[in-house]
Amino acid sequence: MTTTGIPPLPKAELHLHIEGTLEPETVFELAARNDVALPYRDVEDLRARYEFTDLQSFLDVYYANMAVLRTRADFAELASAYLRRCPGEGVRHVEMFFDPQAHTARGIPIEDVIGGLTDAVDEHAGSVSAGLILCFLRDRPASEAADTLRAAEPHLDRIVGVGLDSAEVGHPPSKFTDVFDRARGLGLKPVAHAGEEGPAGYVREALDELGVLRVDHGIRAVEDDDLVARLRRDGTPLTVCPLSNVRLGCVPGIGLHPLPEMLAAGLKVSVHSDDPAYFGGYADRNYTAVRDGLGLSAEQLRTLAANSMEASFVDAATRDALLAEVAGWRP
Ligand SMILES: [Zn+2]
């Protein structure tokens, strides 16, 4: 039994930005160690700024806090702290996003970012399997994304896929068609944030222009019946983050979240935590939120967990073993 009342349902975490697991206490610890001046008095002052009005208001605090991450050891500590939580949350497999540009722009070598994250992944391999998804910042030029992919090429054996994140509106997926072509050519699995704040048309673009195998968020797809029919027909996974959607004002409240509608439409949705240090909780809290806030049944929670396993990029034998664990879960 977890503190929130759901015995740890085995699940895969497929929509988690590792930088979004940076807890306020860690921001202050790393700032002290690395001699970084923070524009906040203390942890409480920082926490008080977590009242977001939209995606951009969150991103402003999010990028400011990343200034404390300086060394390979910092990145290892960040990811280790997250991976240590996973067994207690029922998280059996993680495909974590990271944003190299947010660090290389501050002069941090990409080797230190990837090296630190993979140090943590290796350290915790006995308790949770994990892979990395390199995300491009969509509000930066496409040429910078191409440079980032090139810089990451010596490390591709440690990277599962590429993603697209940051400020969505005004930065359609089609801006990144070329770099996604290149990434797919290198054997990387493509995913992209689409239809979070941006329109359903961005989901369509992510499918058509980037060839994505999963859509991150995708909640606004429900506004387009033809798109819903296509997503259902193709079994395209959508990684939905309920607490994030509420905290960023993408939905007016948990009770109005479109997740039940997406499940009823036969979409392959799963539930994830996005930037849990900022949005009020990790995987388990997101499951609890949809159980309590939307009245989802234990069997619906099981479906969400099974969808997360099916949507993961693990090999078929591993996926079947994970699905068997979900089937064996007793609420
Ligand atoms: Zn996200």
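Strand β7 (residues 237-240) runs parallel to strand β8 (residues 268-271), and four bridges join the two. Strands here are DSSP runs of E with at least two residues, helices are runs of H or I with at least four, and both are numbered from the N terminus; two strands pair if DSSP finds at least two bridges between them. This is a predicted model, in which local features need pLDDT of at least 70 and side-chain atom pairs count only at pLDDT 80 or more, while totals for chains, interfaces and linings use all residues. Residues are numbered from 1 along each chain as its sequence is written, and side-chain values use heavy atoms, without hydrogens and water.

Here are the pairings of β7:

| Partner of β7 | Bridges and direction | Residues standing opposite |
|---|---|---|
| β6 (residues 214-217) | two, parallel | Val 215 and Leu 238 |
| β8 (residues 268-271) | four, parallel | Leu 238 and Val 269 |

In a regular strand the side chains alternate between the two faces of the sheet. In β7, Pro 237 and Thr 239 point one way, Leu 238 and Val 240 the other way, and all are buried (under 20% relative accessible area, with exposed meaning over 50% and partly exposed in between, for a 1.4 Å probe and protein chains only).

Now to helix α1 (residues 24-34), whose buried residues are Pro 24, Val 27, Leu 30 and Ala 31. These cover an arc of only 125 degrees around the axis (taken from the directions from the helix axis to the C-beta atoms), so they sit on the same side of α1. On the other side of α1, Glu 29 and Ala 32 are exposed. Just after α1, Asp 35 takes a positive phi of about 60 degrees.
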